[in-house]
Amino acid sequence: MSTTTSPALLVGSCFVDASQAQLHKKIPATLRAPLHGSNSWRVGIPLPEQLFMERRGWVQPVCLTVTTPEQIKNDSASYDRLFIPGEFCRQGDVLSAAAQSGKTILLERGAFLAPSDIVRAVEKMGEARQRVVLVEAGSSFGYSDRVLDPRALEVMMRIGCPMALNLNALTSAIGAAYEHRPKWLSDSDFDIAFVRTALAFNIEHLILPTQRELSEEAVDLWLSARKENL
Amino acid sequence: MTFKHGWTGDIHPKLTLGQKPLTVIAGPCMFESRELGFEVATRLKTLCEELGFNYIFKSSYDKANRTSGNTARGPGLEKGLGWLADIQNSFQIPVLTDVHTPEQAREAASVVDIVQVPAFLCDQKNLLKACALSGKTIQIKKGQHASPEQLIACADYIAAEGNTKILLCERGSSFGYNNLVVDYRNLVLMRRSGYATVFDGTHAAQLPGAGAGQSSGLRDMVPSLCAAAVAVGIDALFMEVHTNPAKALSDASTQVDFTTAESILRRIKSITGN
């Protein structure tokens, strides 16, 4: 994956699912995982470093999810790209360390942040903004729900960075303790709609769901539309 | 009165949360200077004693998540903690500050009485664990994106690490872009959980990012927001107070001056009866 032209799928999020990584071995993919699953609501077994390095052998490159400047500095041998979760998109020290890493940076817009305000985070990167891929993961829409606002895509694209769409965040249950969630929320039935939206906006990269397979139909749609770039 | 897991509300030898009177957590948003901190602490301690409120001083040594990178962040960890210790010792009052990394949690806990987890970071487990292991009282701000149940689950996570001295703080929920609303049902749910419940009246009045590169806000709404929270029922009121809010280096649109702070405290006294 480059920051300019070549589209790709990003596999994995907080934890790596082996079957999904295998599924996408046949296509260009980036392994996305943290060494420390610090904000996961799932049973929290951080991916052991040994396993992480082992999996590097068959899914490359590796995109590391980071939440502190120390992780960026200390784990630099473990990754090729950096992913900054939306909750950290305004943390000046994390952004500064990422900028100094020299690596490609996937910067996710926080669900609480107005799309026009992500440009402030990009500005905090200084010259490194040339290596930033902006990740759209939806906007807060009441508790435990997100919506994908096409206006947000339009506003973010005007910043001039390549874009990624985070299907994992858009279709995962948020806030496991919230008991009043309507049944239709976080439904994988919307995969196709999201992939079509990404294609319509010429978004370069998709981040895949981690706890389930993206439907074959959605994968085929993406790959057929993008095959000339793969 | 005890809170969840039997915590008695003891924060400081001179302050136990939950006993009447209401506790007020207040101070400047950013610890701009030692002089500012001392002036605010002097005025608010005197005012709270006169009106019969408990008082905790708050201020931030590092505003690490400002909207823009071109704005001031504060004195930094070492100097800021030194000033907080000076206020703690000079006034014999508890002090609170916010932390953004596990390392900061450990260092800040060597000085302050309450470590605060910022709203954006409310479900960062490494940070919550470090705060829990510090042994100090922990205030968790509810993320603008988070449900009250999500916040309560974070508190349960801390309690499972063996620290039950926990305050839950409501500060508003995202309501479209650049806007927050306070859902007062959350205060009911948070208090029903058994954890101590705090309302942040000045951040709840923010309009995040609405000021073209900085947060804007509705300062004139702060008194009513605070009064409503006290009426619903809380264990402490949090607000940011500055000698000259219009000149403040952060949150200039929502911090209140001494006159407004006094007006707010007199108004809520008429509600609580003290």
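**Notes on the predicted two-chain model**

1. Let's start in chain A with A:Tyr79, which is found in the loop between α3 (69-74) and β4 (81-84). Bear in mind throughout that this is a predicted model. Is A:Tyr79 buried or exposed? There are 26 C-beta neighbours inside 10 Å, and the cut-off for burial is 20 or more, so A:Tyr79 counts as buried. Leaving aside residues up to four places away in sequence, A:Tyr79 touches A:Val62, A:Cys63, A:Leu64 and A:Lys103.

2. Stepping back to chain A as a whole, the secondary structure comes to nine helices and ten strands. Of the 230 residues in this chain, 50% are buried. If you take the chain A contacts with a separation of 6 or more, 62% of them are between residues 24 or more positions apart.

3. Now for chain B and its barrel. Eight strands close up in the order β3-β4-β5-β6-β7-β8-β11-β14, with parallel pairing. On average, and ignoring direction, neighbouring strands of this sheet are turned by 25 degrees against each other. Where do β3 and β14 of chain B come together? Strand β3 (residues 23-27) runs parallel to strand β14 (residues 236-240), and five bridges join them. Within that pairing, B:Val24 stands opposite B:Leu237 in β14(B).

4. Next, the helices of chain B. How do α7(B) and α8(B) pack? Helix α7 (residues 222-232) and helix α8 (residues 258-272) meet at an angle of about 25 degrees, with their axes 10 Å apart. With angles under 35 degrees counted as roughly parallel, α7(B) and α8(B) are therefore roughly parallel to each other. Their crossing is right-handed. From α7(B), the contact uses B:Val222, B:Pro223, B:Cys226, B:Ala227, B:Val230 and B:Ala231; from α8(B), the partners are B:Thr260, B:Ser263, B:Ile264, B:Arg267, B:Ile268, B:Ile271 and B:Thr272. By type, the residues of this helix contact divide into nine nonpolar, three polar and one charged.

5. Helix α5(B) turns up in two places. Within its own chain, α5(B) lies across β7 (137-141) and β8 (166-170), running at about 165 degrees to β8(B). The other place is the interface between the chains, which takes 28 residues from chain B and 27 residues from chain A. On the chain B side, α4 (125-134) and α5 (148-160) each supply at least two residues. Which helix gives the most to that side? It is α5(B), with four residues. Overall, the residues of the chain B side divide into seven nonpolar, 16 polar and five charged.

How values were computed: Residues are numbered from 1 along each chain as its sequence is written. Chains are lettered from A and ligands numbered from 1 in the order in which they are written. This is a predicted model: local features need pLDDT of at least 70, side-chain atom pairs count only at pLDDT 80 or more; totals for chains, interfaces and linings use all residues. Axes are lines fitted to C-alpha atoms, for helices over the stretch in contact, and angles run from 0 to 180 degrees between N-to-C directions. Angles under 35 degrees count as roughly parallel, over 145 as roughly antiparallel, 65 to 115 as roughly perpendicular and the rest as oblique. A crossing is left-handed if the near helix is turned anticlockwise from the far one by less than a right angle, and right-handed if clockwise. Two residues are in contact if their C-beta atoms, placed from the backbone, lie within 7 Å. Ala, Val, Leu, Ile, Met, Phe, Trp, Tyr, Cys and Pro count as nonpolar, Asp, Glu, Lys and Arg as charged, and the others, Gly among them, as polar. A residue is buried if 20 or more other C-beta atoms lie within 10 Å of its own, exposed if 12 or fewer, and partly exposed in between; C-beta atoms are placed from the backbone. Two strands pair if DSSP finds at least two bridges between them.
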